[in-house]
Amino acid sequence: MSRPGLLSVADLGREGIVELLHLADSFAQVAARPIPKVPALRGRTVATVFYESSTRTRLSFETAAKRLSADTMTFTAQTSSVTKGESLRDTVETLDAMGVDAMVVRHASAGVPARVAGWVRAAVVNGGDGEHEHPTQALADCFTLREALARRGGGQPADDLKGLRVAIVGDVRHSRVARSDVLALGALGAEVVLVGPPTLLPPSTEGWGVAVAHDLDEVLGEVDVVYLLRIQAERLREAFVPSLEEYTERFGLTRARARRLPEELLVMHPGPMVRGVEIDAEVAGSARSLVTSQVRSGVAVRMAVLFRLLARAEERAGG
Amino acid sequence: MAEARLPTVVLRGGTVVGADRAERGDVLVEGGRIVAIGPGIEVPRGSSVLDAGGCLVGPGLVDLHAHLREPGHEEAETIETGSRAAALGGYSAVVAMANTDPPIDHPAAVRAVAELAKGALVEVAVAGAITKGRAGERLAPLAEMAALGVRIFSDDGRGVQHAGLMRRALEYARPLGVLLAQHCEDEDLVAGGVMHEGAWSSRLGLPGQPALAEESMLARDLDLVRLTGAPMHFLHLSTARSVELVRRARAEGLPVTAEATPHHLTLTDAEVAGFDPLYRVNPPLRPAADVAAVRAGLLDGTIDAVATDHAPHAPDTKELPFDQAPPGMIGLETALSVAYGALCLGPEDDVPGWLRAVAEPDAPSPRRSQAPPVPRLAGAVELFRLMSSRPAAISGLDARGGHGGPLAPGARGHLCVFDPGERWRVDPGAGASRSANTPFASRELVGRVRHVLVAGEPVVVGGEAQR
């Protein structure tokens, strides 16, 4: 049997999320030290197993592992024996046999981390699988939001996001970030509305606990946070949208649209951003944007995830 | 097989399943044929006695839909291994689908496969492709293949996409006395979907294919049957609306027949939640309301037959990510047990938990069938009608080969002895199929095939293949 891992936000529940956010609070403070490193996972090895190119997520996990003093290994499909036809299962079993303690798995197909977890002894962390989930991004988003709200309120970060109204805008259908965020934000009590043309929303939101809207301008006055998703040019070919121009006109956070918004409305984006399409460059860099904070939070929550999965019980008690 | 070497066999103490009733009795088989049926048959000297106590003794099963993979994918299955799996599953005959590599779309391919099938444990009827290369563009030489005995034509694995071509195929086939069988799947609507489009696909982030992808081609083809008057068979119906469309077409008197698979009777799209490609299949597993509607369709006679769609794939292909793995499940060795559990056992029976869960869906689905909500259960007669006599009649294996019963003196000795009392757990590694991609792995099934006679030869005795 494999160790516990992190495959879906659904596995965590509210308590699991809050526990990780608390851990991330302390690890965020580590980042502020002159030497941002703790010996918590010395001797443990974390492998990033990436079958899909991603600089940000991989570097974020590796930074997190290194700040915990874990050894890291990098496997990317472009440089590996995958090109020689080695199967996914052979590859991860080989890594497992080398004694890796955790594998962060990213793959263009939904469900690969879950399958890998059934094959290896190492703890498996979902680093983004197809259009399924990206749990650590959702944790980073929750961490970012509660920090931003605490800054605004002047107190300690709260353990929930009750009453917070979040619009997730754009290509929800093809977004693993959106699926994880819906679960995490919902678990913490936020109200979520998905906004986009029906072609870019999931065929069914049964059981999601969200509202659905098709007019961004109607929603914008009603929410506290706008979370924009990337729109990919290939959606045109598949006839999900007629043109990027029309998409931007209807669902992009353009400068004109941003000007009409209340000052306290927050803007988020998981990156990489396509400036000028789903978000205007100036808006992305404005004071209301939490994009940089999301990246920073990513390292802290990934430290929390790795620590929780790999630290021995006595270390967790002391940590 | 030389009839001289055939043993005299007495199947003793079972319940003989006839065309309209089941009665206690023995069956004496001699020289490849049934010579006597009745209680307390005297055992002739030198005959072997097979215990059928507590068992149903019915005609050998007939599968309208098996992929035996030879030629082209012998790593997944061969006619030898596939027909052994069929025998162990209670079959005396199977229709081998045409999507081999190369496909069975010309007379030489028909002859080659028929030659390979000569030594098989069960009778293997060869299906031909409707179009050249199964490409859906030009007609395959239907008449030449029909002259070699091909009775069923299908591009199965794909549907014939173009309505105009399908019309021509039906018109051309009508005087040939053959049957065209459609795999209903509008590829434009499928649009890369790898599972049923609905709550589960949305949650899992897997591209879904709408039920409409099946239903719209079925609706189109029913109209083409009305237009051309040619008979047509519909493979693996899987949605409530498909069942309803066929129900109405039959009420109208259109010459259509249909089949459903054991997996669409028992498994839902919720199985995909673990991303195990064992559960990738076309048509995809559907929600519980569709499963219930397919069962109801079999019980009320809308759907004629249970057919396996036995689709072996080598193990490494089922270790691919879900969306890259080839669709298909094996089913020959489990079909009768699964169908028995799904169709013959009711709430008061001791049904394994996994079967009960599907039978009693907790959430009503918005896509409701017009079918009666609580179907009656099938008895032994209905079970063997769905798995033997109707598929034998549809495939022509009744007239040619004497499959499908009814069991009577003079009939060919194709017999399936099924013990409904035996419970067993499916071990995918233990089967005769060269592949192990069964969705019923580790599940408990009720009822197991004990003995099988094909043309009088005991090919399975005590659950063991004899060669």
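Author: A residue is called buried when its relative accessible area is under 20%, exposed when it is over 50%, and partly exposed in between (1.4 Å probe, protein chains only). The model is a predicted one: local features need pLDDT of at least 70, side-chain atom pairs count only at pLDDT 80 or more, and totals for chains, interfaces and linings use all residues. Residues are numbered from 1 along each chain as its sequence is written, chains are lettered from A and ligands numbered from 1 in the order in which they are written, and side-chain values use heavy atoms, with hydrogens and water left out.

Reader: What lies in the loop between β16 and β17 of chain B?

Author: One of its residues is B:Ser433, which is buried at 9% relative accessible area. A polar contact is a pair of N or O atoms within 3.5 Å; within protein, one must be able to donate a hydrogen and the other to accept it, and residues adjacent in sequence count only if both atoms are side-chain atoms. The side chain of B:Ser433 makes one with the side chain of B:Glu77, at 2.7 Å. A polar atom of the B:Ser433 side chain also lies 3.1 Å from the backbone nitrogen of B:Ser435. Contact in the wider sense means heavy atoms within 4.5 Å. Neighbours within four places in sequence aside, B:Ser433 has contacts that include B:Thr81, B:Ala85, B:His310 and B:Pro312.

Reader: Which residues does B:Gly331 touch, beyond those up to four places away in sequence?

Author: They are B:Thr308 and B:His310. B:Gly331 sits in the loop between β15 (305-306) and α11 (335-343) of chain B and is buried, with 7% relative accessible area. From B:Thr261 it is 70 residues away in sequence and 8.7 Å away in space, C-alpha to C-alpha.

Reader: How should I read the buried side of a helix, and which residues of helix α2 of chain B are buried?

Author: An α-helix has 3.6 residues a turn, so residues three or four places apart point the same way. In α2 of chain B (residues 107-116), the buried residues are B:Pro107, B:Ala109, B:Val110 and B:Val113. They cover an arc of only 160° around the axis, which puts them on the same side of α2(B). That arc is the one spanned by the directions from the helix axis to the C-beta atoms. The buried residues of α2(B) pack against α1 (79-88), β8 (123-126) and α3 (142-147) of chain B.

Reader: How many residues of chain B and of chain A are in contact across the interface?

Author: Chain B contributes 17 residues, in contact with 22 of chain A. Buried area is the accessible area (1.4 Å probe) that two parts lose on being put together, summed over both. Chains B and A bury about 1500 Å² between them, 53% of it on carbon and sulfur atoms. B:Ser202, B:Arg203 and B:Glu319 supply 40% of the area that chain B buries against chain A, more than any other three residues.

Reader: Which charged pairs cross from chain B to chain A, and how many salt bridges are there between these chains?

Author: The count is three. In one of them, B:Asp276 meets A:Arg115, with the closest N and O atoms 3.6 Å apart. B:Asp276 lies in the loop between α9 (262-266) and α10 (288-299) of chain B and A:Arg115 in helix α4 (residues 112-117) of chain A, so the pair joins two chains. A:Arg115 counts as buried, at 16% relative accessibility. Another bridge links A:Arg89 with B:Glu319, at 3.0 Å between the closest N and O atoms.

Reader: What else does the side chain of A:Arg89 meet in a salt bridge?

Author: The side chain of A:Glu93, at 2.8 Å from N to O. Both residues lie in helix α3 (residues 88-97) of chain A, four residues apart, about one turn of the helix. A:Glu93 is partly exposed at 31%, and A:Arg89 is partly exposed at 25%.

Technical notes:
A salt bridge is a side-chain nitrogen of Lys or Arg within 4 Å of a carboxyl oxygen of Asp or Glu.
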